[in-house]
Amino acid sequence: MSMKMSSWLRFLLPALVAAATLTAPEAQAATVTFNDDFNGPAGSAVDPAKWQLETGDNVNNHERQYYTAGAANAALDGQGNLVITARRENPGGYNCWYGPCEYTSARLNTAGRFTQTYGHFEARMKLPRGQGMWPAFWALGNDIGTNGWPNCGEIDFMENVGFEPNTVHGTIHGPGYSGAEGIGAAYSGPNFSDGFHTFAVDWAPNQIRWYVDGVLYQTRTPADLGGDRWVFDHPFFLILNLAVGGYWPGDPDGSTQFPQQLVVDYVRVTN
């Protein structure tokens, strides 16, 4: 480079930098709208201002567990985690769709406490293992009481079935694409019961993207629905649960060890 050209650049460079600084869009920091780090004494229940516990069985999926209230099957461990525990027991004498219940577990949701339309939804979790286990981190449209399912919409951020210890699934359900016809994809990686992993979704108008440990593995838009209605443009509430058995995972068998645990380090939502 000639001395003349070098001098010209030294003169122009500060102006170019200043112009770029003025015209580049400002990076907007995400705002945390929901956060639970599950800090608290060991054995204590979840924060009732953030979560409510559902109770009962689920005949629709032919699941085997009875979901209990309180801290019996969902409690903090004193080390910053929520532990949802599935047990082969029925101390309360609960009745399920098939007769006396064989298992207990827990299902939590944020209905009436937190809902959001669009944003980044993330949980760091260690999954259970074994035939018949079905952990999930997901969301339902808050209009389910008036429009019903699947018209309300469902976004499965993460589901795992025990016979696939190295695979998690992300799925959307809506009118015309629900249940076994849900639209989604699988991500195969390590054995997700061996350690903690992050499961996240970025949800924007007309687009939902799924991540495992920061790796994007699926994007869905209205173009994927084959003309069916996109129902992901209104507030949803969060759900965490550990099911036992059901049509998809199948029932536990002689190889399944109990108790099994879904360990949740945090759940965080930003916009």
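I looked up Arg 209 in this predicted model and found its relative accessible area to be 28%, which is partly exposed. Its side chain meets that of Asp 202 in a salt bridge, with N to O at 3.8 Å. I note that this pair passes because the cut-off is 4 Å.

I then searched the whole structure for such pairs and got 7 salt bridges. I followed up two others.

Asp 251 and Arg 64: I find a salt bridge here, with 3.2 Å between the closest N and O atoms. The two residues are 187 apart in the chain and tie distant parts of it together. I place Asp 251 in the loop between strands S18 (236–244) and S19 (260–270), and Arg 64 in the loop between strands S2 (52–54) and S3 (65–67). Is Arg 64 buried or exposed? I have Arg 64 down as buried, at 19% relative accessibility; the label holds because the limit is under 20%. Asp 251 is partly exposed at 32%.

Arg 129 and Asp 194: I read 2.6 Å between the closest N and O atoms of this salt bridge. The pair again links distant parts of the chain, 65 residues apart. Arg 129 sits in the loop between strands S10 (119–126) and S11 (133–141). I locate Asp 194 in the loop between strands S14 (183–188) and S15 (197–204).

Technical notes:
Residues numbered from 1 in each chain as written. Predicted model: local features only at pLDDT ≥ 70, side-chain atom pairs only at ≥ 80, totals over all residues. Heavy atoms only, no water. Helix = DSSP H or I, 4+ residues; strand = E, 2+ residues; numbered from the N terminus. Buried < 20%, exposed > 50% of the residue type's maximum accessible area, 1.4 Å probe, protein only.
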